[in-house]
Amino acid sequence: MKAIDQWFDEYGESHRNPFNKLTHWICVPLITFSVLGMLWAIHPWVAMGAVAAALVFYVLLSWQIALAMLVVSLLMLLGLSLMTHVFWWSLGIFVLAWIGQFIGHHVEGKKPSFFKDVQFLLIGPAWLLGFVFRLFGVRY
């Protein structure tokens, strides 16, 4: 398995344009939230199971990133637990956020990384957290 910095470097190759980066700061959390929302609409345990499975992947890369993703995921799940009509809101957010992502990649002139490897769908949120960690001088 690749080290987390290898994942981040490879992901970063198609995320250099400032506009594309901005779309990712907005859209990646929204996509994560909306996917959890659609899973929550099936059953809350399905969403929690998906979080647990993703956390296994993150722990293999970095326990610090995994811990931060756990906190973010729990906050998202808490928000979902307070919503009504979760599926339709989540579906709408999902579609709009992916439109934003594809616009960002169009401006960048590069395809989204997940076309190369589906694991990059999990790397996107961690990549953003990596920036936050570096901003505050926290090792991951």
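These are my notebook entries on a few things I looked up in this structure.

**Entry 1, the model.** I began by noting that this is a predicted model, so everything below is read from a prediction.

I checked the UniProt entry, which is unreviewed, and found "transmembrane region" placed at residues 22-42, 54-80, 86-107 and 119-137. I then looked at two of these spans in the model. Residues 22-42 are 100% helix and 0% strand, with end C-alpha atoms 31 Å apart. Residues 86-107 are also 100% helix and 0% strand, and their end C-alpha atoms lie 31 Å apart.

Which residues of helix 1 (residues 4-12) are buried? I found Ile4, Trp7, Phe8, Glu10, Tyr11 and Gly12. I followed these buried residues to their partners, and they pack against helix 2, helix 3, helix 4 and helix 6.

Next I went looking for open space. The largest pocket has a volume of about 520 Å³. I listed 28 residues along its lining, and the closest to the pocket centre are Ile31, Thr32, Leu121, Leu122 and Pro125. Helix 2 (18-42), helix 3 (44-61), helix 4 (63-81), helix 5 (86-108) and helix 6 (120-135) each give two or more residues to the lining.

Which helix gives the most to the lining of the largest pocket? I found that helix 2 does, with 7 residues. I also sorted the lining by residue type: 20 are nonpolar, 8 are polar and none is charged.

Note on methods:
Residues numbered from 1 in each chain as written. Predicted model: local features only at pLDDT ≥ 70, side-chain atom pairs only at ≥ 80, totals over all residues. Heavy atoms only, no water. 1 Å grid on protein atoms, 1.4 Å probe; cavity = no way out; pocket = protein on both sides within 12 Å on 5 of 7 lines; lining within 4 Å. Points joined across faces, edges and corners; volume = space filled by probe spheres on them. Helix = DSSP H or I, 4+ residues; strand = E, 2+ residues; numbered from the N terminus. Nonpolar A, V, L, I, M, F, W, Y, C, P; charged D, E, K, R; others polar. Buried < 20%, exposed > 50% of the residue type's maximum accessible area, 1.4 Å probe, protein only. Contact = heavy atoms within 4.5 Å. UniProt positions renumbered as here; feature names shortened; annotations may be inferred.
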